[in-house]
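Here is a short briefing to read with the model open beside you. Take a look at the structure first, and then we can walk through a few local features together.

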Amino acid sequence: MEPTYLDNNATTRCDPAVVEAMLPFFTEHFGNASSIHAFGSEVGKALKKARAQVQALLGAEHDSEIIFTSCGTESDSTAILSALKAQPERNTVITTNVEHPAILTLCEWLEKEGYIVHKLKVDKKGRLDMDEYKSLLQDNVAIVSVMWANNETGTIFPVEEMAALASAKGIMFHTDAVQAVGKIPIDLKNTKIDMLSLSGHKLHAPKGIGVLYLRRGCRFRPLLRGGHQERGRRAGTENSASIVGLGMACELAMNKMEIENTEVKRLRDKLEQGILSQITHCFPTGDVSNRLPNTSNIAFEYIEGEAILLLLNKMGIAASSGSACTSGSLEPSHVMRAMGIPYTAAHGTIRFSLSVYNTEAEIDRVIEAVPPIVAQLRKLSPYWTDKGPAANPEAAFAPTYA
Amino acid sequence: MWEYSDKVREHFFNPRNSGPLEEANGIGDVGSIQCGDALRLMLKVEPETEVILDAHFQTFGCGSAIASSSALTEMIKGMTLDDALKVSNQDIADFLDGLPPEKMHCSVMGREALQAAIANYRGEEWSDDHEEGALICKCFAIDAVMIEDVVNANNLNTVEEVTFYTKAGGGCAACHEGIEEILAKVKASRAGPGEVSPPPACPATPEAPKPPSKKLSIVEKIAKIQEVLESVRPMLQRDHGDVELADVQGKKIYVHLKGACSGCMMEAATLGGIQQKMIEALGELVQVLPSSHMPVEA
């Protein structure tokens with residue numbers, strides 16, 4: 001049986017139309033866009049088209065606001081480091097404690113370098129406290145960086161409102177929109193967002209291509225200096241094939257935005273309800289009324305996520321988990337911790353993330369597969385008895401913790 | 001996904017001896033809440049012979065935690081308690097044809113559950129002195145707590161020293177930044193508030209033996225060399241290796257590396273570390289070489 005891929009927040013398959021658009025740029029259109037001859041100018045035209053396709057998906061006012069980079073992480077680093085370099089009199093970064101490591105690890109390093117980082121907390125549903133945010137918008141803040149949508153729970157942050165608040169205080173605003181672009185409508189020209197990161201491989205373009213949107217007039221310092229590519233804002237010969245692929249993927253995403261928010265959402269809801277109605281002691285995490293249409297993150301209590309994934313994988317079903325063991329770290333997902341999910345549930349969180357390629361039959365199969373897997377692992381769990389969870393799980397099993 | 005051996009997969013997909021054991025008379029509950037692993041080991045021990053008649057487990061944990069638990073119960077059934085106590089976490093990992101470095105703690109948890117269950121049977125208190133930190137060196141599975149303890153105990157100052165003492169950083173070298181951070185942290189805490197920490201080149205070991213000024217007799221020199229070798233042996237033995245003196249020829253000290261040390265990819269680092277200690281102890285430049293480098297006698 002064909003495997004079922006429900007891990008589209010990790011990465012997506014390239015759309016066949018994307019691959020087709022890219023192929024000539026490995027062979028006949030191999031030129032360097034900077035060259036004056038015909039080999040180069042063909043590529044130059046293709047890059048211009050791709051830039052316009054990205055611009056359209058983001059609703060950017062000018063195509064020169066699109067800077068191609070190598071990935072979402074590069075875009076994130078470029079944005080934050082640029083803001084600090086361009087405004088040396090400001091030494092503070094505001095972000096959240098549920099960001100992607102591309103932001104959090106950079107911020108930890110910035111703290112070691114002497115910068116001040118404020119990480120906004122979230123409540124049990126993963127929502128921000130806007131009063132806390134407003135109180136932090138002081139003159140020493142160089143940049144606010146808040147993700148548009150959370151990669152683990154799909155929870156959407158009010159970045160447009162937050163950008164407007166920052167702008168009113170003269171503070172730059174960046175959003176890591178890697179999970180949001182292509183899944184929910186974005187219209188940057190009608191926002192106060194100064195910078196935005198996107199990553200190609202999250203929307204059916206290849207890996208190794210990203211974009212930094214940079215609002216015209218926003219002060220900027222490049223991360224990579226060298227040639228004049230991207231108007232000197234990101235040196236290095238353009239990854240032309242991947243840029244063309246990303247352009248095509250953005251156009252497809254525009255066309256499929258409606259399906260994403262109707263059909264994909266319906267399948268996601270069916271999957272979630274199908275699992276929740278069959279299994280006790282499990283619950284969806286995050287802000288379920290305000291999240292990406294493709295993401296469902298379910299915590300299965302008293303069992304561990306990696307074990308669930310291994311059994312799912314055996315049945316040809318791919319998902320991911322916030323458990324410590326899947327990352328090689330000792331801690332369960334920082335997002336689950338930030339929301340105050342207890343350890344016995346945080347370790348058992350499974351993220352199902354769909355795409356437009358998923359079918360009803362696949363979802364039905366997953367709904368059927370999950371309950372026996374959970375039952376099998378609970379049978380092994382010291383927190384579980386044959387009648388359900390131990391009467392008082394914490395007391396029934398209180399191991400000596402290292 | 002992890003590179004699990006077939007045996008780990010087999011024990012995970014078909015765990016042996018899982019579920020409660022009604023007649024258990026020794027129960028050990030251990031776990032690491034942060035890591036998300038917890039294990040209850042239940043033993044049925046025959047009181048006269050102290051033979052383990054049956055062993056069951058219940059585990060909240062990942063694939064390798066379940067596989068380690070399953071393996072452990074298979075290994076200890078039929079053993080006496082004293083023999084079971086000799087089962088090390090490495091034995092559990094070996095039984096499973098190895099575990100990824102990030103997962104070695106699963107086998108440690110198995111060993112701890114065994115100790116706890118036997119203590120419970122014997123009516124003793126079992127307390128765990130093992131603390132686990134973030135994994136720093138993935139090549140040799142060394143965590144931050146271990147590195148910090150060794151740095152503190154031995155007044156280490158450089159990444160090379162940490163590698164010699166713990167092996168951490170001796171493989172791909174990607175964790176050197178992490179090791180440097182631990183060194184800086186320990187150094188800062190050593191210096192105490194208000195004090196200036198010494199420059200990196202100056203080891204913070206005031207009581208370190210001064211190099212002897214007078215020339216050593218050959219007997220004194222051999223005695224010093226033996227002293228240094230004795231001081232490093234416990235460390236090597238912990239890794240199932242050993243070292244002994246083969247010969248001394250002028251400034252060249254030849255040693256036999258034995259057990260796990262022989263042919264180990266860390267051989268050069270091990271010898272380098274011993275050489276450093278020899279130089280400090282003897283107060284002269286010497287070279288430490290494997291016995292295989294000894295000139296063949298005519």
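In chain B, the loop between H7 and helix H8 (176–191) holds B:Ala173; helices (H or I, at least four residues) and strands (E, at least two) are DSSP runs, numbered from the N terminus. This is a predicted model, in which local features need pLDDT of at least 70, side-chain atom pairs count only at pLDDT 80 or more, and totals for chains, interfaces and linings use all residues. Residues are numbered from 1 along each chain as its sequence is written, while chains are lettered from A and ligands numbered from 1 in the order in which they are written.

**Positive phi in chain B**

- B:Ala173 has a phi near 75 degrees, a positive value in a residue other than glycine.
- B:Ala173 counts as partly exposed because it has 13 C-beta neighbours inside 10 Å (buried means 20 or more other C-beta atoms within 10 Å of a residue's own, exposed 12 or fewer, and partly exposed in between, with C-beta atoms placed from the backbone).
- B:Asn155 lies in the loop between helix H6 (144–154) and helix H7 (159–166) of chain B, and its phi is near 55 degrees, also positive in a residue other than glycine.

**Strand S3 in chain A**

- Strand S3 (residues 92–96) of chain A has 4 of its 5 residues buried, so the rest of the structure largely encloses it.
- S3(A) runs parallel to strand S4 (residues 116–120) of chain A, with 5 bridges (pairing requires that DSSP finds at least two bridges between two strands).
- A:Thr95 has A:Lys119 as its bridge partner in S4(A).
- S3(A) is also parallel to strand S5 (residues 141–145) of chain A, joined by 3 bridges, and A:Thr92 stands opposite A:Val141 in S5(A).
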